[in-house]
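Good morning, and thank you for coming. Please keep the display in view as I speak.

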Amino acid sequence: MLKEQGFTSHGRGFLKAFFIEFALYVLIGGAFVATGSSWLCVVLSCVAIFALLRLLMVMGNVIPTYKNRSAKRAEHEVGCFSTVAMLLREWWAAILTYPFLFAFEPWLVPTNPPAGLTHRGDPIVLVPGFFTNRGYLWAWRRYLLKNGYGKVYAVSPEPIFHSVEKNAEHLARFVDEVLVETGSKRVILLGHSMGGLVIRLYLHRFGGMPKASLAVAVGSPLVGTVLAEGKEKMGPIIAQLTRSNAWALDFLREAEAAPCPIPFISVWSPHDTIVAPQNTSMVAEHYGRNITLPGVGHMEMVNSAQVMRVLKQTLDEFHDAKAN
């Protein structure tokens with residue numbers, strides 16, 4: 001068994017934020033009750049404030065990504081009802097994520113898979129994105145474990161703000177540990193958001209190609225995103241995530257100079273609410289394969305039944321092809 005990663009600094013920070021926010025609701029609610037307000041009104045008000053703050057977070061992502069959206073094909077357009085439904089799912093994803101999935105990281109998603117489950121093929125490594133941790137991929141892990149893929153390992157990105165290269169180095173060490181632990185020669189890599197970019201960098205620059213059999217990037221900013229612009233002072237990694245930055249474009253040319261030696265699949269949405277322009281999540285046709293999921297927001301990708309079915313179908317088809 002691998003050493004459990006436990007709480008990352010990111011997870012500890014969100015656990016503290018969880019208790020601080022809860023304490024504020026209790027203190028403010030208690031003050032209102034003392035002035036004669038009913039407990040029911042206070043609780044409902046606190047829940048409404050909690051939900052409203054998450055809605056503001058979502059709209060803070062949606063508005064700039066909509067303004068900088070890429071052109072859509074006619075078959076990728078969705079109607080008003082589907083758009084509202086997507087925004088509601090994105091809102092729900094934010095409520096789950098901030099702070100629950102992040103704060104309860106080591107309990108929701110241990111580093112190691114549970115013992116005794118059946119598994120098909122190479123072990124799977126889940127790689128979350130920037131400013132997240134492995135708790136974010138709780139639904140992916142649970143779904144895979146229930147559907148015949150019992151060897152699912154998960155790693156939280158560290159260090160958070162240093163660089164994509166440092167995250168790729170961290171992934172490289174983790175993959176080596178998984179290979180030693182399982183006795184396998186290769187792993188399957190599944191990444192969300194920046195996790196997909198980290199996976200691709202690991203494959204091309206950190207010796208990952210002979211150690212991986214399949215790579216899937218979901219909603220990944222392969223050439224950056226408009227949301228990172230103006231935030232470069234947060235750390236070197238932000239500069240590597242800004243829209244069409246020099247580092248990302250250079251790496252794109254390097255990586256896609258030839259077909260990827262292993263199957264590389266990008267699952268992307270023309271309605272991504274964090275990566276914009278959205279079509280920059282796609283890979284070149286000669287390099288890999290793109291799976292388009294219209295009407296799916298960025299945050300909901302980690303708990304979307306549609307995305308999880310696509311992941312399972314991709315894994316099943318990959319193993320079926322190998323068997324034949």
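I begin with Pro277, which sits in the loop between strand E5 (264-268) and strand E6 (289-292). Helices and strands here are DSSP runs numbered from the N terminus, a helix being H or I with at least four residues and a strand being E with at least two. The peptide bond that leads from Ala276 into Pro277 is cis, with omega near 0°.

Before going further, a word on the source. This is a predicted model, in which local features need pLDDT of at least 70 and side-chain atom pairs count only at pLDDT 80 or more, while totals for chains, interfaces and linings use all residues. Residues are numbered from 1 along each chain as its sequence is written, and side-chain values use heavy atoms, with hydrogens and water left out.

A cis peptide bond also joins Tyr98 and Pro99, where omega is about 10°.

As background, most residues other than glycine have a negative phi, and most peptide bonds are trans.

Is Ser193 buried or exposed? At a relative accessible area of 12%, Ser193 is buried.

One further loop residue deserves mention. Glu75 is found between helix H2 (39-67) and H3, and its relative accessible area of 54% makes it exposed. Glu75 and Ile63 are 12 residues apart along the chain, and their C-alpha atoms are separated by 23 Å.

I turn now to helix packing. The axes are lines fitted to C-alpha atoms, for helices over the stretch in contact, and the angles run from 0 to 180 degrees between N-to-C directions. Helix H1 (residues 9-34) packs on helix H3 (residues 80-103) at an angle of about 125°, their axes being 8 Å apart. H1 and H3 are therefore oblique to each other; angles under 35 degrees count as roughly parallel, over 145 as roughly antiparallel, 65 to 115 as roughly perpendicular, and the rest as oblique. The crossing of H1 and H3 is left-handed, a term used when the near helix is turned anticlockwise from the far one by less than a right angle, clockwise being right-handed. Which residues of H1 and H3 make the contact? From H1 come His10, Gly11, Phe14, Leu15 and Phe18, and from H3 come Tyr98, Pro99, Phe100, Phe102 and Ala103, contact meaning heavy atoms within 4.5 Å. Of these residues, 8 are nonpolar, 2 polar and none charged. In this scheme Ala, Val, Leu, Ile, Met, Phe, Trp, Tyr, Cys and Pro count as nonpolar, Asp, Glu, Lys and Arg as charged, and the others, Gly among them, as polar.

The axes of helix H6 (residues 164-182) and H7 come within 9 Å and cross at roughly 75°, so H6 and H7 are roughly perpendicular to each other. The contact includes Leu171 and Val175 of H6 and Leu197 and Tyr202 of H7; its residues divide into 11 nonpolar, 1 polar and 2 charged.

H7 (residues 194-205) also packs on helix H9 (residues 246-255), at about 55° with axes 11 Å apart. That angle makes H7 oblique to H9, and their crossing is left-handed. Among the contact residues are Leu197 and Arg200 of H7, together with Trp247 and Glu254 of H9. By class, this contact has 6 nonpolar, 1 polar and 3 charged residues.

Lastly, the cysteines. How many disulfides are there? The count is 0, a disulfide being a pair of cysteine sulfur atoms within 2.5 Å. Cys41 is in no disulfide, and the nearest cysteine sulfur, that of Cys46, is 11 Å away. Cys41 is partly exposed at 46% relative accessibility, whereas Cys46 is buried at 14%.

Notes. Buried < 20%, exposed > 50% of the residue type's maximum accessible area, 1.4 Å probe, protein only.
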